[in-house]
There are 2 protein chains.
Amino acid sequence: MRPESDAWNRALTGEPDGLSRIDTPSLVLDLDAFEANVATMARLARERGIGLRPHAKTHKCASIARRQLQAGAVGLCCAKLGEAEALAAEGIEPLLITAPVSAESKIARLIALNARVRGLAVVVEEPENVKALGEAAAAAGQTLDVLIVNDVGSHRFGVPTVEAAVELGRLIAEQPALRLGGIQGYAGRIQHITGYEERRLLSRSAAAHLGAVRDALREAGLPCPVVTGAGTGTHDFDHEGGVFTDLQVGSYIFMDADYDAVALTPDGSRRFSNALFVLTRVTSCQHDGFATTDAGSKCFALDGPPPRIARGAPQASRYGMFGDQFGKVELPDGGRLPVGTLLTVVPSHCDPTVNLYDAIVCVRGGKVEAIWPIEGRGRTD
Amino acid sequence: MRPESDAWNRALTGEPDGLSRIDTPSLVLDLDAFEANVATMARLARERGIGLRPHAKTHKCASIARRQLQAGAVGLCCAKLGEAEALAAEGIEPLLITAPVSAESKIARLIALNARVRGLAVVVEEPENVKALGEAAAAAGQTLDVLIVNDVGSHRFGVPTVEAAVELGRLIAEQPALRLGGIQGYAGRIQHITGYEERRLLSRSAAAHLGAVRDALREAGLPCPVVTGAGTGTHDFDHEGGVFTDLQVGSYIFMDADYDAVALTPDGSRRFSNALFVLTRVTSCQHDGFATTDAGSKCFALDGPPPRIARGAPQASRYGMFGDQFGKVELPDGGRLPVGTLLTVVPSHCDPTVNLYDAIVCVRGGKVEAIWPIEGRGRTD
């Protein structure tokens, strides 16, 4: 469990200005922990001479994106065009869309967005898509930045070989309205490998592939100023090979039950603190050994380990779902929790959990300091 | 697989006015199937002399609630106060909140809502809560309808015994601002038992408990006009015992992969058709045997069996998650699906899947006929 701030402790031990006034269920951000996480990652990146391009799929929130830019980020990543539209409407730029945009209606939206955003870029993997983007940008009198996305092991998408990447680079160079901005490779499945050394070795081979693509592009006379990828799980060593120019870290700002199990430092010490919690109340306790809360599977994404109770219930209590609407706190030794008991619970996986809420309640010193809208919530389009 | 309407077939076989114009991922409602489901359940209820009080936790959508009321429903159920507020703002009434409302701030909101809605009721299980509601309603010069909620086996909440229910009934009668409207019991865990006869037997014993509570209340001189509960899983026999006055059916309007496995009729024949689909496109296919789509776990709730592909991929293809943002279609015989291929996918569990979207795209005859906002989305408060 993270060493919690005094303010957080005070809030939860019932001081009158504490969390007890917040309606539940709510998504709550411990601002002290969040700001420390942002500052720590920014300091590491500065010290190591590498850029940060934090991924907004984690938070979908302009207030957070703004703070990441203020801490020195070179830009933000978006998983989907809709996410980029939502953040751009709040003035967030530069933006990199980290998955191909290929449907006809989406290319029209992309071109419209490119007219409004300084520093928009999108990844490409297919010759047909390169042609379609080139024609659409040319028809609009625009220049569109594109990055070649490479498959570094997840097989979700991405150009599979160095040769195919160079061929795609040549195609891009033939499109006057496109500008080749570099390459991307994201080893999603590596990020959550719990052992530090195993993760480091696998990430090194993914980075080596990207390095080979970069070198081959340059040998072919093509530019490759940006090599972007990586995540929180590989942030501690992905600067080492000299391949990446910036890291697409996401979860470090919040952490979650899933990442809590991953050794992010060589000695396993905690570098980032849990800053994101679901605040929930006990709404029924008619039986020994468990209680019912107001946060079920409409409040917690389920693609990870079970949510972990940070505060509000005896140690060894476990949190589970009691259907969509309600949570179940299993209590040791047949205990009971009175109705009204407030619990803070670390979500299984931060990204899809944040996507369930319209706002984040930001807390400091036991007081609500701000409520940040999650502008990109539901923007999976 | 459901016998799909001709219109739906046309739309998906590429007719120019078909689904291909809809942006993806989207939540799509087949209006023909939806209306047939609504009409079928309404007809059955009329024939059997039982009321319907459909549960809005399934759809959170005023347009759907309105159609259920037009088909004869006695009112709508809401799982949370926030859901009721969202539907009341659209003029939906009467509304029954099917879980206790006990936090101080929520009681204030409940009283404010009671001033605006004709026919608001809330369930109670605790003496303290009865007192708090009685005092709040009296202070506001209101009468508030309450139903005693009974535990019929799920243990999520509810008064556990007949005696405790009568005691609570007496407490309610002592509060001049409260009116005892009857009782509720919802056997959530029974609804999804696949075998018809096993489900019928278990539901009968749950109903028997409610019958005993009703009789004991009447013997004590207390009113019990309403006995409400049940769901889609038990709709076919919960009228038999003469205990329920109305059924809280929810999923029948949409159906889902979970309910598709439940025999809802004695001979296992389909009574309700799949009306709800996630529409998604293939966005990448670099490998034999699988393709990547644009709908991942931010588009599908995961608390059920895997989503089922209704159309767009060869039979024996399977849908899984490729992380939060993307889906993975596993194809038989090392097949491929071209980028842009449109798939309709039946979600695992309709309620939490609907809660991920801001709107439902309603389709008939291969054309978009309406887009209905999901007013209660995210209203888990």
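**Figure 1. Surroundings of B:L29 in the predicted model.** In this predicted model, B:L29 touches B:F34, B:F254, B:A275, B:L276, B:I360, B:V361, B:C362, B:V363 and B:W372, apart from residues up to four places away in sequence. B:L29 belongs to the largest nonpolar core, which has 198 residues. Within that core, A:L29 and B:L29 are the residues with the most contacts. In soluble globular proteins, nonpolar side chains tend to be buried together.

**Figure 2. Buried residues of helix α3 in chain B.** Helix α3(B) spans residues 62-70, and its buried residues are B:A62, B:S63, B:I64, B:A65 and B:Q68. These buried residues pack against two helices of chain B, α2 (31-48) and α4. They also pack against three strands of chain B, namely β3 (76-78), β16 (359-364) and β17 (367-373). After α3(B) comes B:G72, which has a positive phi near 115°.

**Figure 3. Crossing of helices α7 and α9 in chain A.** Helix α7 comprises residues 162-173 of chain A and helix α9 comprises residues 196-219. Their axes come within 9 Å and cross at roughly 40°. Because of that angle, α7(A) is oblique to α9(A). The crossing of the two helices is right-handed. On the side of α7(A), the contact is made by A:V162, A:A165, A:V166 and A:G169. These residues meet A:H209, A:A212, A:V213, A:A216 and A:L217 of α9(A). By class, the residues of this contact divide into 7 nonpolar, 2 polar and no charged.

**Figure 4. Crossing of helices α4 and α5 in chain A.** The axes of α4 (residues 81-88) and α5 (residues 104-116) of chain A come within 11 Å and cross at roughly 25°. Angles under 35 degrees count as roughly parallel, and α4(A) and α5(A) are therefore roughly parallel to each other. Their crossing is left-handed. From α4(A), the residues A:L81, A:G82, A:A84, A:E85 and A:A88 take part in the contact. Their partners in α5(A) are A:K106, A:R109, A:L110 and A:L113. The contact of α4(A) with α5(A) has 5 nonpolar, 1 polar and 3 charged residues.

Figure 5. Most residues other than glycine have a negative phi, and most peptide bonds are trans. In chain A, a cis peptide bond joins A:T24 and A:P25, with omega about -10°. A:P25 is located in the loop between α1 (6-12) and β1 (26-30) of chain A. In chain B, the peptide bond from B:E93 to B:P94 is cis, and its omega is near -5°. The loop that holds B:P94 runs between α4 (81-88) and β4 (95-97) of chain B.

Figure 6. A:K60 is not a glycine, yet its phi is positive, at about 55°. This residue lies in the loop between β2 (51-52) and α3 (62-70) of chain A. Buried means under 20% relative accessible area, so A:K60, at 1% relative accessibility, counts as buried. A:A230, a residue other than glycine, has a positive phi near 70°. Its place is the loop between β8 (226-229) and β9 (246-247) of chain A. A:A230 counts as buried because its relative accessibility is 2%.

**Figure 7. Surroundings of B:S297.** B:S297 is part of the loop between β11 (290-293) and β12 (308-311) of chain B. With a relative accessibility of 9%, B:S297 counts as buried. B:S297 and B:M321 are 24 residues apart along the chain, and their C-alpha atoms are separated by 6.2 Å.

**Figure 8. Surroundings of A:M321.** Strand β13 (residues 318-321) of chain A contains A:M321. A:M321 is partly exposed, with a relative accessible area of 25%. Leaving aside neighbours within four places in sequence, A:M321 is in contact with A:A295, A:G296, A:S297, A:F300, A:L302, A:P307, A:F326, A:G327 and A:K328. One of these partners, A:S297, is 24 residues from A:M321 in sequence and 6.2 Å from A:M321 in space, C-alpha to C-alpha.

Terms used:
Residues numbered from 1 in each chain as written. Chains lettered and ligands numbered in written order. Predicted model: local features only at pLDDT ≥ 70, side-chain atom pairs only at ≥ 80, totals over all residues. Heavy atoms only, no water. Core = buried A, V, L, I, M, F, W, Y, C linked by side-chain atoms within 4.5 Å. Buried < 20%, exposed > 50% of the residue type's maximum accessible area, 1.4 Å probe, protein only. Contact = heavy atoms within 4.5 Å. Axes fitted to C-alpha atoms, helices over the stretch in contact; angles between N-to-C directions. Helix = DSSP H or I, 4+ residues; strand = E, 2+ residues; numbered from the N terminus. Parallel < 35°, antiparallel > 145°, perpendicular 65-115°, else oblique. Left-handed = near helix turned anticlockwise from the far one by under 90°. Nonpolar A, V, L, I, M, F, W, Y, C, P; charged D, E, K, R; others polar.
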